[in-house]
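Biologist: I would like to learn how to read a model of this kind with some care. Could we go through it together, feature by feature?

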Amino acid sequence: MKPAAVIFDLGKVLLDFDYSITARALAGQCAVPAEELRLHIDQSPLLLRYESGEMTTEEFYRTVREAAGYRGNYETFREAFGGIFAEIPPMVDLQRRLKDAGVHCYIFSNTNEVAIHHVKRNFPFFAGFDGYVYSHIVGAMKPAAKIYEAVEALVGLRGADLLYIDDREENIVAGRERGWHAVHHTAPATTIAAVEGSGLLPT
Ligand SMILES: [Mg+2]
């Protein structure tokens, strides 16, 4: 059976990111070295709370200020925290091909308000999706069931009607447990081949 919609993870699938860029950008105005600062923001319990929607961006900023002795202002912080993304061209091209073929595509991301603000501003392709599910809005992060349910509700489809692409194994496992057709993304070539094999693209 051919899937009816494609669900894209964002980070490391369509956009690469690197929090060491943030750490280096902010370190000059911090009491701690860049590497220690990175530990506060990269895959940290603090980032988890922020991306779960438990704290606002201003609260996140104030917490980093206290934890790392950051002396810069809020706007500088937003620029450094959000300016970490770079397009992964073959994957952006894959989404364009799907869109051109009339396939509905959705974004499904553990993310935060600053990241989305920057991505919208800097990457035109990002406007070309049919819908967006963000952890900080839903109040739950992948692989929690609640955020997968939010995708199913938004798209109006479930199970094998959804083709799901994500680079994190635990997220893929959670998708497969719901019957989604999930592709564990490790490299563009293999993911593109899997999508081409799904019958969604014209041959
Ligand atoms: Mg990812």
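Biologist: Which residue in β5 does S109 stand opposite?

Modeller: S109 stands opposite Y134 in β5. Before going further, please note that this is a predicted model, in which local features need pLDDT of at least 70 and side-chain atom pairs count only at pLDDT 80 or more, while totals for chains, interfaces and linings use all residues. Residues are numbered from 1 along each chain as its sequence is written.

Biologist: How many bridges join β4 to β5, and what is needed for two strands to pair?

Modeller: Two strands pair if DSSP finds at least two bridges between them, and strands themselves are DSSP runs of E with at least two residues, just as helices are runs of H or I with at least four, numbered from the N terminus. Here four bridges join β4 to β5, and the two strands run parallel. β1 and β4 also pair in the parallel sense over four bridges, with H104 of β4 as the bridge partner of A5. Strand β1 (residues 5-8) is in turn joined by four bridges to the parallel strand β6 (residues 162-166), where I165 stands opposite F8.

Biologist: In what order do the five strands form the sheet, and which are the edge strands?

Modeller: The order is β5-β4-β1-β6-β7, in an open sheet with parallel pairing. The edge strands, each of which pairs on one side only, are β5 (131-134) and β7 (181-184). From one strand to the next the twist averages 20 degrees.

Biologist: Which strands does helix α9 lie across?

Modeller: For such angles, axes are lines fitted to C-alpha atoms, for helices over the stretch in contact, and the angles run from 0 to 180 degrees between N-to-C directions. Helix α9 (residues 145-155) lies across β1, β4 (104-109), β5 and β6, and runs at about 165 degrees to β5. In the loop between α8 and α9 one finds P143, and the peptide bond from K142 to P143 is cis, with omega near 10 degrees.

Biologist: At what angle do helices α2 and α4 pack, and is their crossing left-handed or right-handed?

Modeller: A crossing is left-handed if the near helix is turned anticlockwise from the far one by less than a right angle, and right-handed if clockwise. Helix α2 (residues 34-41) and helix α4 (residues 57-68) pack at an angle of about 145 degrees, with their axes 11 Å apart, and their crossing is right-handed. L37, H40 and I41 of α2 make the contact with V64, A67 and A68 of α4, where residues are in contact if their C-beta atoms, placed from the backbone, lie within 7 Å. By class, this contact of α2 with α4 has five nonpolar residues, one polar and no charged ones; Ala, Val, Leu, Ile, Met, Phe, Trp, Tyr, Cys and Pro count as nonpolar, Asp, Glu, Lys and Arg as charged, and the others, Gly among them, as polar.

Biologist: How is the protein chain divided into domains, and which element gives the most to the side of domain 1 that touches domain 2?

Modeller: Domain bounds come from an automatic or database domain assignment, and here the chain is divided into domain 1 (5-16 + 85-196) and domain 2 (19-82). Their centres, taken over C-alpha atoms, are separated by 25 Å. The contact takes 14 residues from domain 1 and nine residues from domain 2. On the side of domain 1 that touches domain 2, the elements giving two or more residues are α7 (113-122) and α8 (135-138), and α7 gives the most, with five residues. The residues of that side divide into five nonpolar, eight polar and one charged.

Definitions and conventions: Contact = placed C-beta atoms within 7 Å.
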